Amino acid sequence: LTGFEEDVPFRCVLDAPFMPDTYVEVRALNTQSTGGGRMLNCTFTLESSALLRELVYIDLAVDIEEGDIVKRENGILIKYTTVGETFWSVGKEFGVTPGQLQGWNPEINEPFDDGRPIMILSAKATAH
């Protein structure tokens with residue numbers, strides 16, 4: 001039976017609660033065939049596993065209010081940092097990437113010291 005392919009339906013009953021988003025995997029561990037002529041008996045040993053997923057909604061933030069839009073002029077800005085600030089935190093505040101800040105200020109290492117001036121060449125409007 002070279003090249004013989006057949007879909008063999010089977011039913012797998014799992015002893016678990018119904019979860020609509022369940023991932024089930026079935027693997028063939030062993031197959032055996034016996035018989036000859038027009039009669040072939042196949043035995044399969046299968047292993048199945050199920051990953052049950054449950055959709056749970058959680059509150060990530062509460063009491064959020066929309067802030068005022070503060071428009072900043074494009075150009076050169078100097079920010080005096082506070083202890084522990086990083087390129088990421090300053091970039092988030094001014095709408096620029098940490099890579100841009102590092103490129104504009106190659107001599108500065110993070111975390112920043114208190115009162116360290118950092119140059120920002122372009123600033124976008126951000127909400128506060």
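From the N terminus on, the elements of the protein follow the order β-β-β-β-α-α-β-β, giving 2 helices and 6 strands; helices (H or I, at least four residues) and strands (E, at least two) are DSSP runs, numbered from the N terminus. The model is predicted, so that local features need pLDDT of at least 70 and side-chain atom pairs count only at pLDDT 80 or more, whereas totals for chains, interfaces and linings use all residues. Residues are numbered from 1 along each chain as its sequence is written, and side-chain values use heavy atoms, with hydrogens and water left out.

Of the 128 residues in the protein, 14% are buried, where buried denotes under 20% relative accessible area, exposed over 50%, and partly exposed the range in between (1.4 Å probe, protein chains only). The accessible surface of the protein amounts to about 10900 Å², 52% of which belongs to carbon and sulfur atoms; accessible areas come from the Shrake-Rupley method with a 1.4 Å probe, and for residues only the protein chains shown count as cover. Among contacts (heavy atoms within 4.5 Å) with a separation of 6 or more, 59% involve residues 24 or more positions apart.

The largest nonpolar core comprises 9 residues, namely F87, V90, F94, V96, L101, I108, F112, I118 and I120. Two or more of these residues come from each of helix 1 (87–94) and strand 5 (117–120), and helix 1 gives the most, with 3 residues. A nonpolar core is defined as a set of buried Ala, Val, Leu, Ile, Met, Phe, Trp, Tyr and Cys residues joined through side-chain atoms within 4.5 Å. Apart from its neighbours within four places in sequence, I108 is in contact with F87, R116, P117 and I118.

Within helix 1, the buried residues are F87, V90, G91 and F94. Viewed down the axis of helix 1, the buried residues fall within an arc of 100° and therefore line one face, the arc being that of the directions from the helix axis to the C-beta atoms. The face of helix 1 turned away from the buried side carries the exposed residues W88 and K92. G95, which follows helix 1, has a positive phi near 75°.

On the surface, V24, V26, F44 and L46 form a nonpolar patch with about 320 Å² of accessible area together. Strand 1 (23–36) and strand 2 (39–51) each give two or more residues to this patch. Patches are made of residues with over 30% relative accessible area and no salt bridge, like charges being joined within 9 Å and nonpolar side chains (Val, Leu, Ile, Met, Phe, Trp, Tyr) within 5 Å; a salt bridge is a side-chain nitrogen of Lys or Arg within 4 Å of a carboxyl oxygen of Asp or Glu. V24 lies in strand 1 and counts as partly exposed because its relative accessibility is 41%.
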